Amino acid sequence: MNVNNFRFRLGGKEFVPIIIGGMGVNISTSELALSAERLGGIGHISDAEVMAVCDQMFGTTYVSEKRLKYAANVNNRDKSIVQFDLELLADAQKRFVSHTVNRKTGNGAIFMNCMEKLTMNNSSATLKVRMEAAMDAGIDGITLAAGLNLRSLDLICEHERFRDVKIGIIISSVRALSIFLKRAIRLQRLPDYIVVEGPLAGGHLGFSPTDWQSYNLNSIVIDTLAFLKKENLDIPVIPAGGIFTGTDALEYLQMGAAAVQVATRFTIAREAGLPDVVKQHYLNAIEEDVEVNTASPTGYAMRMLKQSPTLQYGIKPNCEGLGYLLDNEGKCSYIEAYYQALESRTPEADTRFVVKCHTCLCTGMSRYECWTCGHTVSRLKETTNRLPDGSWQLPSAEDIFLDYLKSENHSIRKPEIVKQP
Ligand SMILES: Cc1cc2nc3c(=O)[nH]c(=O)nc-3n(C[C@H](O)[C@H](O)[C@H](O)COP(=O)(O)O)c2cc1C
């Protein structure tokens with residue numbers, strides 16, 4: 001018995017029950033998502049910092065033009081005038097989504113991870129544009145993450161694809177789920193799937209740095225399944241966070257989960273967006289290297305490697321070019337922390353000073369210098385081969401996907417060794 005004995009039924013279609021979770025900023029690349037799609041599963045792209053991602057991928061100049069437009073503001077702590085041009089945002093989103101969905105060749109699907117906590121100094125308008133442009137460009141599904149804006153569904157209810165696009169939510173407790181469902185029931189638009197993300201996941205967490213250890217994914221999944229049964233709701237449940245082997249996945253499917261969402265194993269795939277040198281850091285990580293901290297200005301806890309370069313230096317806020325985390329008043333907690341650190345530093349301090357416990361996440365993520373990861377990152381070395389030069393072989397996304405699909409008794413099949421030239 002393995003994962004391949006199961007299928008995930010969603011909206012009249014059947015999928016292999018493996019979903020690669022969204023990993024911003026462009027860690028879950030189009031190529032990674034398309035590998036899952038080709039193999040019959042579901043792959044996410046993430047629209048975090050989509051304009052910066054387009055600049056990297058297509059040579060567009062969204063970021064430099066925005067920075068130029070607001071150049072006079074760079075030394076101002078007040079960022080309230082820094083706005084995203086909604087037409088350009090839609091343009092970037094459509095470019096990125098169509099570049100991905102137009103290359104589908106399999107029976108799977110491409111979903112978009114949409115972090116609602118990217119408030120972009122105009123949260124409702126920018127979220128609406130992001131979701132509508134993704135639907136216009138043909139995205140198969142949208143997974144609402146980090147922030148669960150209860151108005152999200154209202155924002156897109158006039159769109160012609162509102163009832164056809166698949167909409168999922170990520171929750172970490174039954175409480176968050178029941179609040180969201182009340183709103184959804186009023187709109188007669190329930191989510192098509194529910195990702196239950198436990199405390200071992202990568203990225204932002206729905207738990208605090210001090211209490212995550214007192215929760216476990218298994219119990220939250222059991223509670224969620226029981227809650228839905230009690231409410232007579234038939235919505236697929238998808239556990240995520242710490243599912244490291246195909247057998248871990250199988251156990252959830254046997255419990256009644258419809259599919260599983262996984263990410264950390266794929267961070268080292270050749271198709272993933274992290275630079276190869278960073279993938280080697282993930283592979284070399286030991287458990288003690290991982291921390292759950294509050295460095296993210298979102299206010300959510302985040303798991304990352306302690307060695308992340310972004311934790312080692314203070315960087316001048318880059319909101320004129322980026323600015324994805326500015327709230328509706330143009331504020332971001334990093335800006336305050338940065339200026340406080342700048343003003344209190346001693347004259348002899350290095351120009352590269354540290355902003356303690358805070359990071360400019362927009363810059364850190366866009367430069368691949370914030371090394372977020374799941375709790376199981378220290379086990380990645382079990383999944384591949386060490387090469388004669390001491391580095392690790394990077395598996396393909398297909399290697400990892402098929403291992404999840406076919407593994408039994410917690411075995412992990414390493415990729416075929418390729419001879420180094
Ligand atoms: C490098 C990395 C980046 C992530 N970025 C995001 C993100 O931008 N948005 C999001 O909702 N989840 C994000 N996640 C969470 C994953 O989508 C996924 O739900 C979770 O990590 C699954 O657990 P696993 O990594 O233990 O397999 C990220 C995870 C990793 C490892």
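This is a predicted model: local features need pLDDT of at least 70, side-chain atom pairs count only at pLDDT 80 or more; totals for chains, interfaces and linings use all residues.
In general, the strands of a sheet pair through backbone hydrogen bonds, and they may do so in parallel or antiparallel fashion. Here we have an open sheet of 3 strands in the order S9-S13-S12, and its pairing is antiparallel. Strand S9 (203-205) and strand S12 (290-293) form the edges, each pairing on one side only. On average, and with direction ignored, neighbouring strands of this sheet are turned by 30 degrees against each other.

Now to the helices. Helix H4, residues 86-101, and helix H5, residues 123-136, have axes that come within 8 Å and cross at roughly 35 degrees, and the crossing is right-handed. On the H4 side, the residues that meet H5 include Leu-86, Leu-89 and Val-97, while those of H5 include Val-129, Arg-130 and Asp-136. By class, the residues of this contact divide into 8 nonpolar, 2 polar and 3 charged.

Finally, the ligand, and a question for the group: which residues are closest to the ligand? They are Gly-21, Ala-145, Gly-202, Gly-203 and Gly-374, out of 30 residues that surround the ligand. The shell comprises 14 nonpolar, 15 polar and 1 charged residues, and strand S5 (109-115) and strand S11 (260-262) each supply at least two residues of this shell.

Terms used:
Residues are numbered from 1 along each chain as its sequence is written. Axes are lines fitted to C-alpha atoms, for helices over the stretch in contact, and angles run from 0 to 180 degrees between N-to-C directions. Helices (H or I, at least four residues) and strands (E, at least two) are DSSP runs, numbered from the N terminus. A crossing is left-handed if the near helix is turned anticlockwise from the far one by less than a right angle, and right-handed if clockwise. Two residues are in contact if their C-beta atoms, placed from the backbone, lie within 7 Å. Ala, Val, Leu, Ile, Met, Phe, Trp, Tyr, Cys and Pro count as nonpolar, Asp, Glu, Lys and Arg as charged, and the others, Gly among them, as polar. Two strands pair if DSSP finds at least two bridges between them. A residue is near a molecule or strand if its C-beta atom, placed from the backbone, lies within 6 Å of it.
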